[in-house]
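Please have the sequence and the model at hand while reading.

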Amino acid sequence: MVIKKLHDMGIRSEHAYLAAFTSIGLSVAAWATSLKAEPVGGLARADRWGIFVGEWAPTFFGLGVALSHYEQQDGTLTASVHELRERKERQAV
């Protein structure tokens, strides 16, 4: 139900995978920034920031897999966004 809603909103598995890889990069950036910007908290605080942001990646990867399975069943896995819009417009008419 949630996956279908995300798919209907135009979110594809590639978007979820991109968000997962971005969150990994943001995790490293948050760790490094917190380590340098907050000398009071030190390494422990920097680690907590890095872990907090890093926990998003598995969620996005899971959404990507679920969306990919939905796209396989729906037959839209290899379709481009433009093809999907055209198909949706044709069905609405």
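In which helix does Ser 34 lie? Ser 34 lies in helix α2, and, as with everything below, this is read from a predicted model.

## Ser 34 and its surroundings

Ser 34 has a relative accessible area of 4% and is therefore buried. When residues up to four places away in sequence are not counted, Ser 34 touches Arg 45, Ala 46 and Trp 49.

## The chain as a whole

The secondary structure of the chain consists of 5 helices and 0 strands, so that reading along the sequence gives the pattern α-α-α-α-α. The chain has 93 residues, and buried residues make up 25% of them.

The contacts of the chain can also be described by their separation in sequence. Of the contacts with a separation of 6 or more, 70% are accounted for by residues 24 or more positions apart.

## The packing of α2 against α4

Helix α2, which covers residues 13–37, packs with helix α4, which covers residues 56–74, at an angle of about 165°, and the axes of the two helices are 7 Å apart. This angle makes α2 roughly antiparallel to α4, because angles over 145 degrees count as such. The crossing in which α2 passes α4 is left-handed.

On the α2 side, the contact is made by Ser 13, Ala 16, Tyr 17, Ala 19, Ala 20, Phe 21, Ser 23 and Ile 24. On the α4 side, the contributing residues are Trp 56, Ala 57, Phe 60, Phe 61, Leu 63, Gly 64, Val 65, Leu 67, Ser 68 and Glu 71. Sorted by class, the contact of α2 with α4 contains 13 nonpolar, 4 polar and 1 charged residues.

Ser 68, which lies in helix α4, is among the residues that make the contact between α2 and α4. Ser 68 has a relative accessible area of 16% and is therefore buried. Leaving aside neighbours within four places in sequence, Ser 68 is in contact with Ser 13, Tyr 17 and Leu 77, and of these partners Ser 13 and Tyr 17 are listed on the α2 side of the helix contact.

His 7 lies in helix α1, which covers residues 2–8, and is buried, with a relative accessible area of 11%. Not counting residues up to four places away in sequence, His 7 touches Leu 67, Tyr 70, Glu 71, Asp 74 and Thr 76. Leu 67 and Glu 71, both among these partners, also take part in the contact of α4 with α2.

Because Asp 8 and Lys 4 are 4 residues apart in helix α1, about one helical turn separates them. Asp 8 is partly exposed, at a relative accessible area of 37%, and Lys 4 is partly exposed as well, at 42%.

Arg 12 is found in the loop between α1 and α2, and its relative accessible area of 5% means that Arg 12 is buried. The C-alpha atoms of Arg 12 and Gly 64 are separated by 7.6 Å, while the two residues are 52 residues apart along the chain. Arg 12 forms a salt bridge with Glu 14, the closest N and O atoms being 3.9 Å apart, and Glu 14 counts as partly exposed at 42% relative accessibility.

The side chains of Arg 12 and Glu 71 also meet in a salt bridge, at 3.4 Å from N to O. This pair links distant parts of the chain, since Arg 12 is in the loop between α1 and α2 and Glu 71 is in helix α4, 59 residues apart. Both Arg 12 and Glu 71 are buried. Salt bridges that share partners thus join Arg 12, Glu 14 and Glu 71 into one network.

Notes
Residues numbered from 1 in each chain as written. Predicted model: local features only at pLDDT ≥ 70, side-chain atom pairs only at ≥ 80, totals over all residues. Heavy atoms only, no water. Axes fitted to C-alpha atoms, helices over the stretch in contact; angles between N-to-C directions. Parallel < 35°, antiparallel > 145°, perpendicular 65-115°, else oblique. Left-handed = near helix turned anticlockwise from the far one by under 90°. Contact = heavy atoms within 4.5 Å. Nonpolar A, V, L, I, M, F, W, Y, C, P; charged D, E, K, R; others polar. Buried < 20%, exposed > 50% of the residue type's maximum accessible area, 1.4 Å probe, protein only. Salt bridge = Lys/Arg side-chain N within 4 Å of Asp/Glu carboxyl O.
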